[in-house]
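Hello,

After it you will find my notes on what turned up, written for someone opening it for the first time.

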Amino acid sequence: MRKRVVRQKLIKKHLKRKPGLPPGSLIRQNDNSQAESRLSYFLYNQESIEEKHIHSLSELPKKTKEKLFWMNVVGLNDIELLRDIGKIFNLHPLLLEDIINTDQRPKFDDFENRISLMLRLYDSENNEMSIEGEQITLVMGEGFVISFLEKPTDIFEPVFERLRKTSSGVRSHRADYLLYVLADLIIDHYFVFIENLGVRIEDLEDSLFTESNESNLEKIHSMKTELLSFRRYVFPLREAISQIQRSNSTLIEPETQRFWTDAYDHVIRIIDLLENYRELNTSLRDIYLSGLSIKMNRIMQLLTIISTIFIPLTFIVGVYGMNFHNMPELEWRYGYYMIWCLMSLIVIGMLLFFKRKKWL
Amino acid sequence: MRKRVVRQKLIKKHLKRKPGLPPGSLIRQNDNSQAESRLSYFLYNQESIEEKHIHSLSELPKKTKEKLFWMNVVGLNDIELLRDIGKIFNLHPLLLEDIINTDQRPKFDDFENRISLMLRLYDSENNEMSIEGEQITLVMGEGFVISFLEKPTDIFEPVFERLRKTSSGVRSHRADYLLYVLADLIIDHYFVFIENLGVRIEDLEDSLFTESNESNLEKIHSMKTELLSFRRYVFPLREAISQIQRSNSTLIEPETQRFWTDAYDHVIRIIDLLENYRELNTSLRDIYLSGLSIKMNRIMQLLTIISTIFIPLTFIVGVYGMNFHNMPELEWRYGYYMIWCLMSLIVIGMLLFFKRKKWL
Amino acid sequence: MRKRVVRQKLIKKHLKRKPGLPPGSLIRQNDNSQAESRLSYFLYNQESIEEKHIHSLSELPKKTKEKLFWMNVVGLNDIELLRDIGKIFNLHPLLLEDIINTDQRPKFDDFENRISLMLRLYDSENNEMSIEGEQITLVMGEGFVISFLEKPTDIFEPVFERLRKTSSGVRSHRADYLLYVLADLIIDHYFVFIENLGVRIEDLEDSLFTESNESNLEKIHSMKTELLSFRRYVFPLREAISQIQRSNSTLIEPETQRFWTDAYDHVIRIIDLLENYRELNTSLRDIYLSGLSIKMNRIMQLLTIISTIFIPLTFIVGVYGMNFHNMPELEWRYGYYMIWCLMSLIVIGMLLFFKRKKWL
Amino acid sequence: MRKRVVRQKLIKKHLKRKPGLPPGSLIRQNDNSQAESRLSYFLYNQESIEEKHIHSLSELPKKTKEKLFWMNVVGLNDIELLRDIGKIFNLHPLLLEDIINTDQRPKFDDFENRISLMLRLYDSENNEMSIEGEQITLVMGEGFVISFLEKPTDIFEPVFERLRKTSSGVRSHRADYLLYVLADLIIDHYFVFIENLGVRIEDLEDSLFTESNESNLEKIHSMKTELLSFRRYVFPLREAISQIQRSNSTLIEPETQRFWTDAYDHVIRIIDLLENYRELNTSLRDIYLSGLSIKMNRIMQLLTIISTIFIPLTFIVGVYGMNFHNMPELEWRYGYYMIWCLMSLIVIGMLLFFKRKKWL
Amino acid sequence: MRKRVVRQKLIKKHLKRKPGLPPGSLIRQNDNSQAESRLSYFLYNQESIEEKHIHSLSELPKKTKEKLFWMNVVGLNDIELLRDIGKIFNLHPLLLEDIINTDQRPKFDDFENRISLMLRLYDSENNEMSIEGEQITLVMGEGFVISFLEKPTDIFEPVFERLRKTSSGVRSHRADYLLYVLADLIIDHYFVFIENLGVRIEDLEDSLFTESNESNLEKIHSMKTELLSFRRYVFPLREAISQIQRSNSTLIEPETQRFWTDAYDHVIRIIDLLENYRELNTSLRDIYLSGLSIKMNRIMQLLTIISTIFIPLTFIVGVYGMNFHNMPELEWRYGYYMIWCLMSLIVIGMLLFFKRKKWL
């Protein structure tokens, strides 16, 4: 009778490392996952660009002051590789630990000469992605950016495209602008996610006001779980981007400030919409509940109409089913027909009564 | 049986540009809209005023230090035109992008020598306008103001009138006063909007306390959606105007500060009213729900009264419909009449009982 | 069946001037009101006092440094008069506009050398006053105080009395002390108002726990509307008085600071009580709703008792109303009486069952 | 049927003085109370202690620099006495007014050289005390402490005991330590109060989960009223003690700061518990409401079971009570018995059906 | 019929000492507990480590500058012992009092040269532990750390292991790092606790959406009580760790700051999850309540279907049970069969009606 709704699960393993391990311990998360990490890099300046997929860190190009270096690391299971990257690029062990523990809150960190920004990617078109999104860590140092992704995704494709064009703005800016471009791209995807949510809320509204489907409650609850989960990853982002703006790291150029202000503005808009959707979700629950009450009222109206009409009639026919010897009506010639008339009058009266009450 | 209520839709496309585009990209919003942008300007000082509708930017007058220039741009589909305006008046690409993406939060921005104020217009008398209002961007520089509107509206008419009068205060003040006058006008319209909401709340109250119309729930929910949407555009305005007050831009004269304080005060009053209306909306929902319960109680009372009276009577007549050979009452001469008396007594007793319970 | 409750209306015209008018425009509020403004003044110092009702501003006494001047203006419809007062006492046009637009939030303003304090008067004993209270504006300058009232009230009578006494503290202090005395008087009246609310809450509680009157819901909702309206005028007062305390206006003497602290404390107490009353109001609504459920339970209990007792009995008498030729019981000599015994046993059993369930 | 619960009344006279009286007016609160104020004092230093009950202020000892003086004033009806104390100890008129108006928020005040701390005493063991507690004002100056109590209480007894011991820490500290000891004692009593509340919540929980007593709603509401009232007097205490800590009064020794921090910590813990209890109270209300629903479900189940079993049976016996001339079954030899078999089968089927539904 | 759920009790004795005792009084908490305190210590530096269980403080090693000393005190009933530890390690009496009163909020204190951190331990695997957790106090001075535990636990085992390894990072850091390691370990256990909560929420969800078990309400309420209790001990931890970060105590090395930031981050994540779980808990309650309504609807549907079908039929057979002399139908040859046909049609009609209503 009840159709099962695929409820979203909020709960997953939040603690990846066992209590008591030293800080900075790197523990592989998915032991049964064989996927290797995939590495690719861009080395570019205004004039030229080099793009390459590599299989080991030994293939890394030499660092030069003139060119910007962006490495994209997809898949976080190869602990050794990550440790090597940490050594080469001089990353703090706690930062590496955070990169691997993929349930971090979005945050901005400034480890002398290295800044990192952690975000969640919500890629609605990638069905492989869970409701919790995937963690993306962007690390930047003088002249380089490294992006760490949990799973393959084609979300960075537009940036690749822009990079390949000589005229692109990205080619002429410094590393912090690339950092902004990547963060902005991820934030833009939140709008897609939240729009999907909006469509689902509208569908639910329509469904709630027309039919009273019991599975709607499960949908409403599932949506609330998603909203809570999403909020947990978006709210801290406001603080993180605000910290970038206030940061006095020399890695952030003054001229990119304006762009971070724009990104901050986008996050605020998403949070506003999110809060509205949470309120609407509560409202939907109330509508569902009153839908149950309305249905109950209708059921009881039906029962009451039927009972109120037939119970008195049954009484009347019962009267003339009595076996008293002396019941004059029984012998009247048209007694039977008169009873039918009487009962018809009662029924008509009742129907008029219910009509006036607007029950019919 | 249920009348459909036109529910307001909260959800629209919040992201106008595709994820991954460079910042400052200008994308036409409504591709199927052929409407051209309409341009008009005022060039005035205390002594003289020139008012003109123009068709291209080449008709723009020369800028002079002695006169203030106010250009009104209606319709945001002509990307080329907007880009040209941006070049002529030296507007930041991110500002232009915001002007076109008409789902911005109200905000104040200070781009060296250019300040911009984004607001939403709620013009209750203009039926073309959606529940979300329309975005109005006011941009000001030394000696000029440009206002960007999504759609034609006659809301600025009173300001036009005042400008045409030589004695008007607007004529004798500088550009920041004109900015204030336009912002104040838009905020004044919020009072009209919120008053309409108030009237609708009162109507709903009356309706809820007199009849139990099922469509009321839909009206309450729709109003909540509107309140949420309106709040999303009014709350940030408080911050925006407060930023103008604290701004140390040389474009804002100290003597207009007092007027911005007044505008700030108006926004606070609107927010107060809005919050009260939100609480009343919740209250209305509770009244609706208890209306359902009250109705249920009444239905059940009716059923109980009918059942409680007739079920015992039916039992009694059933007794004397039994076919036992030895049932002395059946042979009594007035048995039948005595049964009627007994049943009448029971009915009267029941009626008195329900009377005392105040069910009748 | 339902008694109408006089619900308080929250909504009134919040915007008095038409959108688009220049700031500082003075528009008469109630066009159909013929009431003239009434003027009276006190001119006093420690030694002497002069008290006079005047009909035009030409009767004003000359300003002297030695004496304090307090003018009381009742009725705000005479725009010309107010404009003249504005000119004589050098009041800012925006202040005059606020005086006339009587839906202002309580606020403190400091217009160089003139400070103003706007409050709402809740005079519970004056039936003419609406639920929204009346706006009182207190304006103070060097050596004078002017109070603007919407309607006649005898609330200032105790201050008049104190002024007339030579020994009074008011006579020996400066203008800011008079300002405090008037504000304190108005705040004191809030306690009366809130005490009345408290009494009504207690009455409602008693009513809710003893009888289930449907009009109670309307009373609860009406009280919530009042609480919301009252809160809108009391919350900002906290900020206003706090601004007086922090103000560095030379008009506020350091020795009156202590008194303003006291007034601030009173406002905080009122806000505390108000918030408690709001919570209790919500609680009352819950009690009302569960009252409906309790009533429903009782109705259904009655129906169930009656049905559960009589339905089986009716079945039994139906059995012996059957016309089978071969039904031995019918021919038993005491069959009829045995059935009565059986039915009595069933009824007694049922009654015991309901007794144990505590339904009877 | 319903047992009355003694509901706590939140509302009492909050305004003791009539509006319009000058600030600092001392008005006797309980006109019908004849109780005199009772005075007693301690005069002590490390070496010696003098303890005395006195009847008039003329019996006060001379102030000396070497000894600390603590006077305990019980009963606040003797206005003249309080005024005299105010003169002798140089107390501010507004402070005296607050001492007498016993509905003050807890607060700390610093009147040059006199500091005062107002608290509420909740003495659970003293039945005379109302739910609102009693106001205790502690006033301290150089070398003396005065405590003002509304009613006699033996709460200070442990401090008396400690004072009488030569070895006591109180004897060796200065006046501010005595102030702390008294405040700490009063705060400790809050724990007793809140523990009592906790026990009552547990009892209510047990009651709600086992039986559905209608008076529970009244108990829940009464407890909420108490929690609100208690909160009103405990929340401001946090601020008051924090002000003592930040105070730069020379009367507070740096070495007692640590103790105030401890007291602050206690207040925070009480507030935490209080907030938890408020949430639990709300939770109890929900449990009560669902208790009503569960009961309703049970009632309706019973009605439905009885109806569903007997209504079809009654129909069947009705069929064979019809008087058609041609009804073959009636003449069957075992027709009557077969009907009984049929009806038994139906009943058994129904019972199995309800069994499977877990209704039985 | 109702299975009892073991509800968690929120309430325990919050005040361990009697009101009126001097601050710093040490009172044994559990008088009937004979358990002695158990002492053990580690004395270590990079090169060597000494580990010992001792029975009295006389066995303590001499303090040396080269080695770090960590003493673990399990069991807080031996007041004398604690007083001696206080003397030897120069601990403030108020700190000792807090160690013994095991209902403290988590807090950080800086008593000149001694810093203390109080936390709650939630050890899910230790069944002896109550829902409230156990208090752990970490005290640190120059060169030593003392940890005070209420009950034996093997939670510190991983740290013991790491200490015993020469290569361990703990061995090469100073005392504040050991403090961090212990705090981090305790915080890590919160993740385990909160994960268990998450699993229970999912189980409850599944249960609520499939069956309507009345004991679920008790489970939901019990979980809320636990969440409230847990929150009371986790929220203040955020502040405590933030105070460590801002502390300017010389005991905290600058290089451990980064680790505290990491711990702070963990606490924030736990708080986020906790708040989400609280919202989900509320949501579960709503689902439970609507489960009751859904069940009620089903019950009433069944009753209504049965009644609506059989009441009219019973009326019809009643009609032909009447004893009128002149009832032509009774004499029709196939009257009886026609009635059966009529009744079958009615039943089929009704069934179709309910089918269309989706009740069947």
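Chain A has nine helices and seven strands (helices are DSSP runs of H or I with at least four residues, strands are runs of E with at least two, both numbered from the N terminus). The radius of gyration of chain A is 34 Å, well over the 21 Å that the globule rule gives for 360 residues, so chain A is more spread out than a compact globule. Here the radius is taken over C-alpha atoms, and the globule rule is 2.2 Å times the number of residues to the power 0.38. Along its principal axes, the C-alpha trace of chain A spans about 120 × 45 × 30 Å.

Before you read on, please note that this is a predicted model, in which local features need pLDDT of at least 70 and side-chain atom pairs count only at pLDDT 80 or more, while totals for chains, interfaces and linings use all residues. Residues are numbered from 1 along each chain as its sequence is written, chains are lettered from A and ligands numbered from 1 in the order in which they are written, and side-chain values use heavy atoms, with hydrogens and water left out.

Now to how the copies are arranged. Two copies of a chain are related by a rotation about an axis and a shift along it.

How many residues does each side bring to the contact between chain A and chain E? Chain A brings 69 residues and chain E brings 66, where contact means heavy atoms within 4.5 Å. The two chains bury about 6,400 Å² between them, 61% of it on carbon and sulfur atoms; buried area is the accessible area (1.4 Å probe) that two parts lose on being put together, summed over both.

Seven salt bridges cross the interface of chain A and chain E, each being a side-chain nitrogen of Lys or Arg within 4 Å of a carboxyl oxygen of Asp or Glu. One of the salt bridges joins A:Arg278 to E:Glu279, with the closest N and O atoms 2.8 Å apart.

On the side of chain A that touches chain E, the elements giving two or more residues include α2 (93-100), β4 (107-111) and α7 (257-319) of chain A. The most comes from α7(A), with 17 residues.

The interface of chain D and chain C takes 69 residues from chain D and 66 from chain C. The area buried there is about 6,400 Å², of which carbon and sulfur atoms give 62%. The rule finds seven salt bridges across it. D:Asp103 forms a salt bridge with C:Arg269, the closest N and O atoms being 3.5 Å apart. Only 14% of the interface residues of chain D are also interface residues in chain C, so the copies meet through different surfaces.

Not every pair of chains meets: no contact joins chain B and chain E, whose closest C-alpha atoms lie 9 Å apart.

Over all chains, the search finds 95 salt bridges. Within chain C, C:Glu253 pairs in a salt bridge with C:Arg174, the closest N and O atoms being 2.6 Å apart. C:Glu253 lies in the loop between α6 (215-246) and α7 (257-319) of chain C and C:Arg174 in the loop between α4 (169-172) and α5 (175-210) of chain C, so the pair ties together parts that are 79 residues apart in sequence.

Best wishes
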